Amino acid sequence: MQNTAARKRKQVPEGYLIVGIDPHKKKHATVAITQDLTIRDRFKLDNTKEGLEFMVRRVRTEMVKSDCRGVMFAIENRRSLLA
């Protein structure tokens, strides 16, 4: 059986920046990585409209710096302990 991480990496188009978001109530943790799994940027943002705008600006800047042609967002999904 194929490795889950390798299978997920194949889903990302060539030349894309991957932005992982770990959502929390007040602040979200974010990491931007290239397809070769090089971490390009890490930051936290507020759970507000301004925080979202901040993230979009940072991601656009990193996209240009790393010469990527697109962005793919991945949001961590945690199951509720009560479900």
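Residues are numbered from 1 along each chain as its sequence is written, and side-chain values use heavy atoms, with hydrogens and water left out. Because the model is predicted, local features require a pLDDT of at least 70 and side-chain atom pairs count only at pLDDT 80 or more, whereas totals for chains, interfaces and linings use all residues.

The protein contains 2 helices and 4 strands; helices (H or I, at least four residues) and strands (E, at least two) are DSSP runs, numbered from the N terminus. Along the sequence, these elements follow the pattern α-β-β-β-α-β. Of the 83 residues in the protein, 27% are buried. Here buried means under 20% relative accessible area, exposed means over 50%, and partly exposed lies in between (1.4 Å probe, protein chains only).

Helix α2 has 17 residues and reaches 25 Å from its first C-alpha to its last, close to the 24 Å expected at 1.5 Å a residue. The expected span is 1.5 Å times one less than the number of residues. Gly51, Met55, Val59 and Glu62 are the buried residues of α2. They cover an arc of only 70° around the axis, which puts them on the same side of α2; the arc is that of the directions from the helix axis to the C-beta atoms. An α-helix has 3.6 residues a turn, so residues three or four places apart point the same way. On the other side of α2, the exposed residues are Lys49, Glu50, Arg57, Arg60 and Val64.

The structure holds 3 salt bridges, a salt bridge being a side-chain nitrogen of Lys or Arg within 4 Å of a carboxyl oxygen of Asp or Glu. One of them joins the side chains of Arg40 and Glu62 (2.9 Å, N to O). Arg40 lies in strand β3 and Glu62 in helix α2 (residues 49-65), so the pair ties together parts that are 22 residues apart in sequence. Arg40 is partly exposed at 35% relative accessibility, whereas Glu62 is buried at 4%.

A salt bridge also forms between the side chains of Asp41 and Arg58 (2.7 Å, N to O). This pair links distant parts of the chain, with Asp41 in strand β3 and Arg58 in helix α2, 17 residues apart. Asp41 counts as buried at 14% relative accessibility, while Arg58 is partly exposed, with a relative accessible area of 27%.

The side chains of Lys27 and Asp46 likewise meet in a salt bridge (2.9 Å, N to O). Lys27 belongs to strand β2 and Asp46 to strand β3 (residues 39-46), so the contact ties together parts that are 19 residues apart in sequence. Lys27 is partly exposed, with a relative accessible area of 43%, and Asp46 is partly exposed at 36%.

The largest pocket has a volume of about 360 Å³. A pocket is an open set of points on a 1 Å grid over the protein atoms alone, where a 1.4 Å probe fits, with protein on both sides within 12 Å along at least five of seven lines; lining residues have an atom within 4 Å of a point. Grid points are joined across faces, edges and corners, and the volume is the space filled by probe spheres set on the points. The lining comprises 18 residues, of which Lys8, Val12, Ile18, Ile33 and Ala74 lie nearest the centre of the pocket. Elements giving two or more residues to this lining are α1 (4-10), β1 (16-22), β2 (27-33) and β4 (70-75). By residue class, the lining divides into 11 nonpolar, 3 polar and 4 charged; Ala, Val, Leu, Ile, Met, Phe, Trp, Tyr, Cys and Pro count as nonpolar, Asp, Glu, Lys and Arg as charged, and the others, Gly among them, as polar.
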